[in-house]
Every structure is written in C-alpha cells, then in structure tokens.
Amino acid sequence: MTAALEMPRVQECVVAACAYNQSGDCHAFAITIGNMDHAHCHTFVESPVRGGVESLIAQVGACQRADCRHNEQLECHAASIRVGPDNDMADCMTYSGR
C-alpha cells in the first residue's frame with residue numbers, strides 16, 4: 001500500500017468552477033480519477049460554496065484508469081498530476097495511455 005505522504009499531488013487545477021479550487025490549487029484531501037473510459041476527476045463539484053482544507057493540496061487517492069501508464073494496481077504513480085477542463089467536466093491532463 002502507498003503511504004499518504006507518497007501519493008501524487010495535484011500540482012495544478014485550472015477548473016475554476018470546482019468548489020475545491022482556490023487560486024489554481026485543489027484543496028480536497030484526496031481526489032479520485034477516472035472510470036473505465038474517461039480520466040474524469042470524480043471529486044469535481046460545481047458549487048458556489050468553497051470546500052476542502054485551505055492548508056492542504058490534494059493528492060490522488062485512487063485512479064480507475066488501469067490503461068494509464070502511471071497506474072499500477074489502480075494507484076497513480078506519477079510524480080504529480082494536472083487537472084484541466086474537458087467540456088463541462090474536469091479531467092486528469094496527466095493521463096497517458098499505455
């Protein structure tokens with residue numbers, strides 16, 4: 001199991017509509033990425049209420065994109081990730097297919 005201190009950080013999130021985004025940083029404790037066919041940030045929530053913990057920068061808690069080259073046993077092993085817009089959603093821009 002990967003220790004929480006070793007989990008990849010969300011280096012940047014440019015999805016300003018997300019309630020966890022504050023000045024380009026994600027302040028959720030951890031995020032979940034993807035499903036079988038899309039690298040969507042499942043922690044994305046559009047709300048006027050801001051959430052998260054101001055003193056934390058989010059980490060990748062789980063990644064369901066088993067076909068990503070950074071994924072090992074549904075855990076992300078990238079050094080860090082970027083989250084960006086895709087239509088009206090937020091996606092992992094670090095995703096790279098095998």
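Two residues are in contact when their heavy atoms lie within 4.5 Å. Keep that cut-off in mind as you walk through this predicted model.

**Stop 1: Val15**

Start by selecting Val15 and its neighbours. Leaving aside residues up to four places away in sequence, Val15 touches Asn21, Phe44, Val83, Gly84, Pro85 and Ala90.

**Stop 2**

Next, show residues 80-86, which make up strand S8, and residues 89-92, which make up strand S9. The two strands run antiparallel and are joined by four bridges. How many residues lie between S8 and S9 in the hairpin? There are two, and Asn87 in the turn has a positive phi of about 55°.

**Stop 3**

Now turn to the interior. In soluble globular proteins, nonpolar side chains tend to be buried together. Here the largest nonpolar core has 20 residues, and those that touch the most other members are Val10, Val15, Cys26, Ile31, Ile33, Ile81 and Val83. Strands S1 (9-13), S4, S5 (59-63), S8 and S9 each give two or more residues to this core.

**Stop 4: two cavities**

Rolling a probe the size of a water molecule over the atoms shows where empty space is left. In this structure there are two cavities of 30 Å³ or more.

- For the largest cavity, with about 80 Å³ of space, select Ile33, Val60, Cys63, Cys68, His70, Cys76, Ile81, Cys92, Thr94 and Tyr95. This lining counts eight nonpolar and two polar residues, with no charged ones.
- For the second largest cavity, with a volume of about 60 Å³, select Val10, Cys13, Cys18, Tyr20, Cys26, Ile31, Cys41, Thr43, Phe44, Val83 and Ala90. Ten of its lining residues are nonpolar, one is polar and none is charged.

**Stop 5: His27**

Select His27, in the loop between strand S3 (25-26) and strand S4 (30-33). Is His27 buried or exposed? His27 has a relative accessible area of 5%, so it counts as buried. Its contacts, again leaving out residues up to four places away in sequence, are Tyr20, Gln22, Gly51, Gly52, Val53, Glu54, Leu56 and Ile57.

**Stop 6**

Glu72 sits in strand S6 (residues 71-72) and is partly exposed, with a relative accessible area of 48%. Draw a distance from the C-alpha atom of Glu72 to that of Ala62: the two residues are ten apart along the chain, and the atoms are separated by 10 Å.

Then move to Gln73, in the loop between S6 and strand S7 (75-76). Its relative accessible area is 78%, so Gln73 counts as exposed. Check the backbone too, where phi of Gln73 is near 55°, a positive value in a residue other than glycine.

Leu74 lies in the loop between S6 and S7. Although not a glycine, Leu74 has a positive phi of about 65°. At 44% relative accessibility, Leu74 is partly exposed.

Note on methods. Residues are numbered from 1 along each chain as its sequence is written. This is a predicted model: local features need pLDDT of at least 70, side-chain atom pairs count only at pLDDT 80 or more; totals for chains, interfaces and linings use all residues. Side-chain values use heavy atoms; hydrogens and water are left out. Two strands pair if DSSP finds at least two bridges between them. Buried means under 20% relative accessible area, exposed over 50%, partly exposed in between (1.4 Å probe, protein chains only). On a 1 Å grid over the protein atoms alone, a cavity is a set of points where a 1.4 Å probe fits but cannot get out, and a pocket is an open set with protein on both sides within 12 Å along at least five of seven lines; lining residues have an atom within 4 Å of a point. Grid points are joined across faces, edges and corners, and a volume is the space filled by probe spheres set on the points. Ala, Val, Leu, Ile, Met, Phe, Trp, Tyr, Cys and Pro count as nonpolar, Asp, Glu, Lys and Arg as charged, and the others, Gly among them, as polar. A nonpolar core is a set of buried Ala, Val, Leu, Ile, Met, Phe, Trp, Tyr and Cys residues joined through side-chain atoms within 4.5 Å.
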